[in-house]
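User: Could you walk me through reading this one, a feature at a time?
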Amino acid sequence: MLRLAGAVLLSAAAYYVYLPLPSGVSEPWKLMLLDALFRSFMQAVRGQNLGSLDHSHVIEARSSPAVNVTDSALGGVPTRVFRPIGGEKLKRGVIYFHGGGWALGSGRMRSYDSLCRRMAEDLDAVVMSVDYRLVPEAVFPDQYYDVLAASRAFLSTEVLEHYSIDPERVCVSGDSAGGNLAAAVAQKLGSDDTLKVKFKAQALIYPVLQALDFHTPSYQQNQAVPILYRPVMARFWLQYLGANSSLEPLLLANNHSSLDESGISADIRSKLNWTALLPTKRRKHFQPVVKQTGSPGVVGKVPGLMDVRASPLLAEQDVLGKTPKAYVMTCEFDVLRDDGLMYARRLQDAGVTVTSDHYEDGFHGCMVFASMPVMSNVGQRSMSNYIHWLDQNL
Ligand SMILES: *[C@@H]1O[C@H](CO)[C@@H](O)[C@H](O)[C@H]1NC(C)=O
Ligand SMILES: *[C@@H]1O[C@H](CO)[C@@H](O)[C@H](O)[C@H]1NC(C)=O
Ligand SMILES: *[C@@H]1O[C@H](CO)[C@@H](O)[C@H](O)[C@H]1NC(C)=O
Ligand SMILES: *[C@@H]1O[C@H](CO)[C@@H](O)[C@H](O)[C@H]1NC(C)=O
């Protein structure tokens, strides 16, 4: 651990001393360290040595006094299961999807493992952390189908009975790309009238929800704020949707959603029209970037850009209205802030009870990285509030 901390410090000192951070962000120097760590992680992944890297970052399943942790499968998808020992006979249930741009991460990683242990313990809940397939082995809709299959299995009488889960108290949750998958699953299963058991709640942590506008005020404001830089998010999207990475500059210019793109109707545009969906306080001085002429045809070539299973913000109001009570966590210093704020607003407009929990000093990833040695105050706070919300609402 010391060696790792030393390496992180060194690279932070070497590269990020002059990183301009916005005033108001929680504990800036810790964010720089985290950024250094995240960048070396990304670099290792770029080296395509994901297998061995994955191994060094995961921890073996083991039993702690309060929670029994085992590796299992749900609907054929590998899943780490956290079961509280003792407590009430019937437990609450949470299915969790980790973040990492649909390309990184695992429920077995230390940070996710710690989060799920704590949820299991504090909530007396059975928590299932799903290891859906990742880019580059899998692209959309594989990730979506994996979490959907796992969710259907989770809600089955067989699994609920086996784990003594109360069918009235089950929730779907996830962060970042996992929040995207959780929102998509909540939509699909909310509209499925054949299901006997439905989710009681959806808890979305700084979710990514759309890929048509890379110039929302939060994308503009935070384009150079660690750890999720604007071009990195565009790259994650292109890889997830199986598209050519040479489209990146075009996406960043909003050329794919120019007005001469007839594939995007006015109705679709209204679903992410932030001049109407965001309060003035968040719009600030930022202006929409809407090209009259751009690069029409891209959404035809990359249909995932318009697919609600990839972009839950584009869903119809009646679909949103059938989703469960929602918790949406957003951070001021995050390019995805407005994705989450717009979604919270659209859910509310559709009649869903929404708790919108915004952190003025938060940054992307803060909650999950709260359990790392480089702890962040806003991370700890947000994790407590998230678990508190679940305690009150599940
Ligand atoms: C943990 O769960 C596994 C699998 O259900 C079971 O075999 C084991 O006995 C459990 N351990 C404890 C300490 O309850
Ligand atoms: C990606 O696009 C570039 C530029 O248009 C092209 O040269 C390349 O062959 C494409 N790659 C794939 C895998 O289609
Ligand atoms: C967005 O909403 C505003 C305010 O309602 C409206 O003036 C504008 O035309 C809309 N833009 C688009 C692209 O729909
Ligand atoms: C965006 O579209 C405009 C108009 O077609 C074009 O001039 C410009 O080069 C495009 N930009 C990118 C990055 O593709």
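**Ligands first, then the sheet**

Analyst: Let's start with a polar contact, meaning a pair of N or O atoms within 3.5 Å; within protein, one must be able to donate a hydrogen and the other to accept it, and residues adjacent in sequence count only if both atoms are side-chain atoms. Here, an N or O atom in the side chain of Thr275 sits 3.4 Å from an oxygen atom of ligand 3. Asn273 also has a polar side-chain atom 2.3 Å from an oxygen atom of ligand 3.

Before we go on: this is a predicted model, where local features need pLDDT of at least 70 and side-chain atom pairs count only at pLDDT 80 or more, while totals for chains, interfaces and linings use all residues. Residues are numbered from 1 along each chain as its sequence is written, chains are lettered from A and ligands numbered from 1 in the order in which they are written, and side-chain values use heavy atoms, with hydrogens and water left out.

User: Which residues are around ligand 4?

Analyst: A residue is near a molecule or strand if one of its heavy atoms lies within 4 Å of it. For ligand 4 that gives Pro249, Leu250, Asn255, Thr293 and Gly294. Asn255 has a side-chain N or O atom 2.3 Å from an oxygen atom of ligand 4, and Gly294 brings a backbone N or O atom to 2.8 Å from an oxygen atom of that ligand.

User: How much of the accessible area of ligand 4 does the protein cover?

Analyst: Accessible areas come from the Shrake-Rupley method with a 1.4 Å probe; for residues, only the protein chains shown count as cover. On its own, ligand 4 has 360 Å² of accessible area, and the protein covers 46% of that.

User: On to the sheet: what is the order of its strands?

Analyst: Strands (E, at least two residues) and helices (H or I, at least four) are DSSP runs, numbered from the N terminus, and two strands pair if DSSP finds at least two bridges between them. This open sheet has eight strands in the order S1-S2-S4-S3-S5-S6-S7-S8, with mixed pairing. At the edges are S1 (67-74) and S8 (354-363), each pairing on one side only.

User: How many bridges join S5 to S6?

Analyst: Five, and S5 (residues 165-175) and S6 (residues 201-205) run parallel. Within that pair, Asp175 stands opposite Ile205 in S6.
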